[in-house]
Amino acid sequence: MTTPPPSIDISGSSDGGGDDGAASDGGGDDASSSAAPEVPAPDPADYPGMDENTPEGAEQAFRYYIAVSMWTHRTGDDKVLRSLEGQGCTGCAELNSDLPELQEAGSYWGEYSLKDDQIEAYPGDNFDQEVSYSFILSEHLEPDVEAGGSKQVSETEYVTTGGMVWSDDMWIVEGLQGEWGPDAFDS
């Protein structure tokens, strides 16, 4: 297991996918070294059923959470992200641990794409549903906060599990575990 990229960001809308499921913001621009770019937030309409108390709803809600996390790493705006996670979600804090540093520097990720690999919900022992979700984050630029400038980050495989709880007519991420790196699917 390698250390996670400082943050993840999905720009653009999802095709609702799973087959090639790539959400893309056009790819390739440099990581921002000043103000956050004008990138539209992920559209809940692209995650059909995420507002339903069903296994499929939990899957879509977790995909949306990941999309919002990535978008937050692109823009610095964490208001929506925080509304989707429980206060005790330590895995959420780990996945997004670089956000405060990016926000303080005012420097964010460049463009990239996300490709779904697989997603499956199952009843959880500690949560209403647990969602296994693997995806590939494309090569992209990230700010190098310590050295200045930006650095190229290679394509990264993510294997995640979200502990989902149905509360107040929506899914909340109360737990998150993940592995990521160039060969995470092989672990």
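**Entry 1: the pair Arg74 and Glu111**

I looked up Arg74 and Glu111 and found that Arg74 is buried, as is Glu111, where buried stands for under 20% relative accessible area, exposed for over 50% and partly exposed for what lies in between, with a 1.4 Å probe and protein chains only. I am working on a predicted model, in which local features need pLDDT of at least 70 and side-chain atom pairs count only at pLDDT 80 or more, while totals for chains, interfaces and linings use all residues. Residues are numbered from 1 along each chain as its sequence is written, and side-chain values use heavy atoms, with hydrogens and water left out.

I then checked how the two side chains meet: Arg74 and Glu111 form a salt bridge with their closest N and O atoms 3.9 Å apart, a salt bridge being a side-chain nitrogen of Lys or Arg within 4 Å of a carboxyl oxygen of Asp or Glu. I noted that this pair joins distant parts of the chain, since Arg74 sits in helix α1 and Glu111 in the loop between α4 and β2, 37 residues apart.

**Entry 2: the other salt bridges**

I counted four salt bridges in the structure. Among them, Asp78 pairs with Arg82 at 3.6 Å, N to O, and Glu85 pairs with Arg82 at 2.6 Å, N to O, and I recorded Asp78, Arg82 and Glu85 as linked in a network.

**Entry 3: helix α1**

I took helices (H or I, at least four residues) and strands (E, at least two) as DSSP runs numbered from the N terminus. Helix α1 covers residues 55-75, and its 21 residues should span 30 Å at 1.5 Å a residue, which agrees with the 30 Å between its end C-alpha atoms; the expected span is 1.5 Å times one less than the number of residues. I found 19 of the 21 residues of α1 buried, and just after the helix I noted Gly76 with a positive phi of about 85°.

**Entry 4: the largest nonpolar core**

I looked for nonpolar cores, meaning sets of buried Ala, Val, Leu, Ile, Met, Phe, Trp, Tyr and Cys residues joined through side-chain atoms within 4.5 Å, and the largest has 33 residues, with Phe62, Tyr65, Ile66, Met164, Val173 and Leu176 having the most contacts inside it. Its largest share, nine residues, comes from α1.
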